[in-house]
Amino acid sequence: MPTRTFAQPWAIARTRSSVQEGVSLVEQTSTALQSILTRMQAIDTNVGAISQSSLEQAGGISQINSAIGALDRGTQRNASVVEEANAASQALADEAEGLKALLGKFKVQGSRRSEPLAQVA
């Protein structure tokens, strides 16, 4: 029969201390991991909110781009109308000058007017 040796009391105390230290380290690690998990969940929530806001902003920017395009088209139409109105105004002024020249050739009997007709603008 082999001889059985019993552990020394100091070795048991040392082992117990090491086990308690290990348990304490595991508890600290668990607490740290739980804290990391909580923070990661908060980060995930924030990233989701940022993503949603980015989508909303992209939609808003798209609407702004559409509105600017509509304004640009309106401005171009207005410029065209102004150009046409200017050309029509010039043509009307030219016709008025022609009529004035024609009227200047006529002399009306009994007219006291000898001065030329007023200048058409």
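Q: How many of the 121 residues of the protein chain count as buried?
A: Buried means under 20% relative accessible area, exposed over 50%, and partly exposed in between, with a 1.4 Å probe and protein chains only. Here, 2% of the 121 residues count as buried. This is a predicted model, where local features need pLDDT of at least 70, side-chain atom pairs count only at pLDDT 80 or more, and totals for chains, interfaces and linings use all residues. Residues are numbered from 1 along each chain as its sequence is written, and side-chain values use heavy atoms, leaving out hydrogens and water.

Q: How many helices and strands does the protein chain have?
A: Helices (H or I, at least four residues) and strands (E, at least two) are DSSP runs, numbered from the N terminus. The protein chain has one helix and zero strands.

Q: Which residues are buried in helix 1?
A: They are G69, G74 and K100.

Q: Why does I36 count as partly exposed?
A: I36 sits in helix 1, which covers residues 9-104. Its relative accessibility is 47%, so I36 counts as partly exposed.
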